[in-house]
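Please keep the sequence and the three-dimensional view at hand while reading.

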Amino acid sequence: MLALVAWRQSRPQRPRVEIRRGDTVIVLTDCSPEEIERATRALDAAADEDRDT
């Protein structure tokens, strides 16, 4: 078990990212930078749609 813990600690971990838009908060874990960018663009598009209505 100790070897497994040491192995996991030696691997880079992706950060936990919180994206806030108004009252909406989305927490992304274990995502690539591309996935984070996609989620941000989707939230921006949704916010634009809300403003237009």
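Glu-18 is partly exposed, with a relative accessible area of 37%; here buried means under 20% relative accessible area, exposed over 50%, and partly exposed in between, for a 1.4 Å probe and protein chains only. The structure is a predicted model, in which local features need pLDDT of at least 70 and side-chain atom pairs count only at pLDDT 80 or more, whereas totals for chains, interfaces and linings use all residues. Residues are numbered from 1 along each chain as its sequence is written, and side-chain values use heavy atoms, with hydrogens and water left out.

**Salt bridges**

- A search of the whole structure finds three salt bridges, each defined as a side-chain nitrogen of Lys or Arg within 4 Å of a carboxyl oxygen of Asp or Glu.
- Glu-18 pairs with Arg-20, their closest N and O atoms being 2.8 Å apart.
- Glu-18 also meets Arg-16 in a salt bridge, at 3.3 Å from N to O.
- Arg-41 and Glu-37 are four residues apart in helix α2, so about one helical turn separates them.
- Arg-41 is partly exposed at 49% relative accessibility, and Glu-37 is partly exposed at 45%.

**The strand pair**

- Strand β1 (residues 17-21) and strand β2 (residues 24-28) pair in the antiparallel sense over five bridges.
- Strands are DSSP runs of E with at least two residues, helices are runs of H or I with at least four, and both are numbered from the N terminus; two strands pair if DSSP finds at least two bridges between them.
- β1 and β2 form a hairpin with two residues between them, and Gly-22 in the turn has a positive phi of about 60°.
- Thr-24 in β2 is the bridge partner of Arg-21.

**Helix α2**

- Helix α2 (residues 33-52) has 20 residues and reaches 29 Å from its first C-alpha to its last, close to the expected 28 Å; the expected span is 1.5 Å times one less than the number of residues.
- Ile-36, Ala-39 and Leu-43 are the buried residues of α2.
- Seen down the axis of α2, the buried residues fall within an arc of 65°, so they line one face of the helix; the arc is taken from the directions from the helix axis to the C-beta atoms.
- The face turned away from the buried side of α2 carries the exposed residues Pro-33, Glu-34, Arg-38, Glu-49 and Asp-52.

**Where the helix and the strands meet**

- β1 and β2 are included in what covers the buried residues of α2.
- Thr-40 is found in helix α2 and is partly exposed at 21% relative accessibility.
- Leaving aside residues up to four places away in sequence, Thr-40 touches Ile-19 and Arg-21, where contact means heavy atoms within 4.5 Å.
- The C-alpha atoms of Thr-40 and Ile-26 are separated by 9.5 Å, with the two residues 14 apart along the chain.
- Asp-48 lies in helix α2 and is partly exposed at 37% relative accessibility.
- Asp-48 and Glu-18 are 30 residues apart along the chain, and 20 Å separates their C-alpha atoms.
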